[in-house]
Amino acid sequence: MRVVLTAAAHERWWPRLERPGVEPLILGVDGGLVLASGAGVARDEADPEVAWGTSDLFDEGAPLRPFFGLLRRSSTLRWFQSPAAGYDGAVFGELARRGVRVSNAHVNGIPIAEYVLRAVLDHFQDAGRWRAGAEARGWRLHDFREVYGTTWLVVGLGSIGGAVATRARAFGARVIGCRRRPSADDPADETVTPERLLDVVGAADVVVLSAPSTAATVGLVDAAFLRAMKPGSLLVNV
């Protein structure tokens with residue numbers, strides 16, 4: 001079985017993944033393919049069965065186009081493991097329609113949740129004024145808003161939304177979650193279904209959108225949604 005992956009992923013992870021009968025097909029930054037022995041492989045003879053997409057594909061200078069080009073042309077591909085949480089990319093649908101198993105990833109929950117907290121704190125604390133003061137070697141006090149005691153509405157309680165809710169509650173915020181099928185295990189103080197969104201959005205100081213992009217969620221935030229939001233509230237869309 002041949003597994004295509006980037007040279008960066010091979011260098012870092014292959015010693016932990018190596019198994020008898022599994023052969024790495026290593027994609028270099030120039031788009032060339034080699035085996036572990038260093039022997040080159042022509043693209044039309046690569047024949048991967050598994051493609052492992054890793055986050056380094058999105059780094060500057062990474063072989064993103066050659067990677068997805070190989071996947072789109074391969075007649076032997078059976079499984080694509082994506083590094084992304086979302087699955088709305090055009091290539092994903094193309095592969096799935098060909099019968100390729102497409103898996104998303106849950107590794108984005110923590111970094112994106114931390115990004116959300118950082119964005120909210122930056123806004124609430126007007127942190128740009130502190131940074132400007134530091135650059136000017138001055139110190140000017142200014143009032144700021146605390147996360148403690150605020151109410152958050154987290155739309156979508158998957159791996160990302162759940163991680164956001166957990167961290168917001170750790171700051172002392174009250175969290176209202178929104179998902180199609182509420183559960184007693186939801187990391188929220190209250191969970192509502194999408195039909196009740198407009199009933200609760202007006203109570204939120206922070207609204208976080210972490211739902212997948214689907215036909216049901218595109219256009220979710222419309223004029224009525226924005227009118228229902230609390231004046232001075234913050235909308236974070238991830």
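D126 lies in the loop between α4 (109–125) and α5 (127–135), where helices (H or I, at least four residues) and strands (E, at least two) are DSSP runs numbered from the N terminus. The model is a predicted one, in which local features need pLDDT of at least 70 and side-chain atom pairs count only at pLDDT 80 or more, while totals for chains, interfaces and linings use all residues. Residues are numbered from 1 along each chain as its sequence is written, and side-chain values use heavy atoms, with hydrogens and water left out.

The phi of D126 is positive, near 50 degrees, in a residue other than glycine. Most residues other than glycine have a negative phi. With a relative accessibility of 31%, D126 counts as partly exposed; on this scale, buried means under 20% relative accessible area, exposed over 50%, and partly exposed in between (1.4 Å probe, protein chains only). D47 also has a positive phi, near 50 degrees. This residue sits in the loop between β4 (40–41) and β5 and, at 43% relative accessibility, is likewise partly exposed.

Attention now turns to helix α3. Within α3 (residues 90–97), the residues V91, F92 and L95 are buried. These three span an arc of only 105 degrees around the axis, so they are on the same side of α3; the arc is taken from the directions from the helix axis to the C-beta atoms. An α-helix has 3.6 residues a turn, so residues three or four places apart point the same way. The other side of α3 carries the exposed residues A90 and R97. Following α3 comes G99, with a positive phi near 95 degrees.

The cover over the buried residues of α3 includes α2 (64–73), β6 (79–81) and β7 (101–103). In α2, the buried residues are F67, F68, G69, L70 and L71, and their cover includes α3 in turn, along with β1 (2–6), β2 (23–27), β3 (33–35), β5 (50–52) and β6.

Between β6 and α3, the loop holds S82, a buried residue with a relative accessible area of 1%. A polar atom of the S82 side chain lies 3.0 Å from the backbone nitrogen of A84. Apart from neighbours within four places in sequence, S82 is in contact (heavy atoms within 4.5 Å) with G53, F92, S103, N104 and A105. One of these partners, F92, is among the buried residues of α3.

How values were computed:
Polar contact = N/O pair within 3.5 Å; in protein donor to acceptor, adjacent residues only side chain to side chain.
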